[in-house]
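Please look over this structure before reading on.

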Amino acid sequence: MGDKVVTALVDATKATRSDLAEYREVFPAWVADSSDRGLSNWIHDRLWAHLRRALSDVDSVELADQGVTREVAVGMRYRARVKRHTMRDRIRSYATKAALAFWAQSDTLEGMEEVRLGFGYRWDPEERQIGSTIISLRDGLDSDAIWAVEVDAAPGMAGTAITWTPVDPSLPQIDLYEAVAQDEEEAT
């Protein structure tokens with residue numbers, strides 16, 4: 001995707017975190033009275049505004065703002081939706097046809113694949129705080145992330161030096177009892 005896109009996401013998350021701190025400081029009662037959905041929408045609007053400013057002049061990046069659906073397309077290969085992630089890297093969305101189609105990684109002709117990603121941040125619902133910047137890949141709306149990567153600014157660096165940390169996915173539990181039993185049965 002390139003450093004410019006990842007840096008823009010990291011910087012936008014950092015700026016949104018700052019916006020939330022200022023919002024809390026200036027209007028603490030408003031924040032306390034906000035519903036989870038209302039605060040999430042406010043944060044989403046701030047994150048999108050920062051991303052839009054940072055990416056509007058970047059070559060090969062297109063921004064699509066269609067109401068509740070906001071996407072970042074990077075060339076012909078990557079398309080991302082801005083999403084809040086849980087601490088376990090889950091996302092939520094209404095199961096519309098468009099959402100189901102977006103989050104399902106589809107098979108296409110070789111070389112024409114489009115990778116659909118989640119861009120956003122981890123959200124701590126107890127503290128109501130924005131955590132790490134995150135990029136994730138999943139195959140299906142209600143599925144766990146196939147992979148997730150934390151990307152953040154390296155502390156003490158001039159500009160935005162990016163660090164990344166891979167996040168171990170929740171691995172599936174595979175029961176091979178029937179296959180082993182069948183193999184043993186065929187061997188006898």
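**Notes on the pocket, the cores and the fold**

1. The lining of the largest pocket splits into eleven nonpolar, nine polar and ten charged residues. Here Ala, Val, Leu, Ile, Met, Phe, Trp, Tyr, Cys and Pro are nonpolar, Asp, Glu, Lys and Arg are charged, and the others, Gly among them, are polar. A pocket is an open set of points on a 1 Å grid over the protein atoms alone, where a 1.4 Å probe fits, with protein on both sides within 12 Å along at least five of seven lines; lining residues have an atom within 4 Å of a point.

2. This is a predicted model: local features need pLDDT of at least 70, side-chain atom pairs count only at pLDDT 80 or more, and totals for chains, interfaces and linings use all residues. Residues are numbered from 1 along each chain as its sequence is written, and side-chain values use heavy atoms, leaving out hydrogens and water.

3. The largest pocket holds about 960 Å³ of space, a volume being the space filled by probe spheres set on the points, which are joined across faces, edges and corners. Its lining has 30 residues. Arg37, Ser40, Lys83, Arg92 and Ser93 lie nearest the centre.

4. Which elements supply at least two residues each of that lining? They are H3, S2, S3, helix H4 (97–103) and S4. H3 gives the most, with six residues. Helices (H or I, at least four residues) and strands (E, at least two) are DSSP runs, numbered from the N terminus.

5. The largest nonpolar core has 31 residues. Such a core is a set of buried Ala, Val, Leu, Ile, Met, Phe, Trp, Tyr and Cys residues joined through side-chain atoms within 4.5 Å. Leu51, Leu55 and Phe119 have the most contacts inside it. H1 gives the most to this core, with eight residues.

6. Phe119 touches residues that include Met1, Val5, Leu9, Val72, Ile134 and Ile135, not counting those up to four places away in sequence. Contact means heavy atoms within 4.5 Å.

7. H1 has 24 residues and reaches 34 Å from first C-alpha to last, close to the expected 34 Å. That expected span is 1.5 Å times one less than the number of residues. Buried residues of H1 include Val5, Leu9, Asp19 and Tyr23.

8. The protein chain has five helices and seven strands. Of its 188 residues, 34% are buried, meaning under 20% relative accessible area, with exposed over 50% and partly exposed in between (1.4 Å probe, protein chains only).
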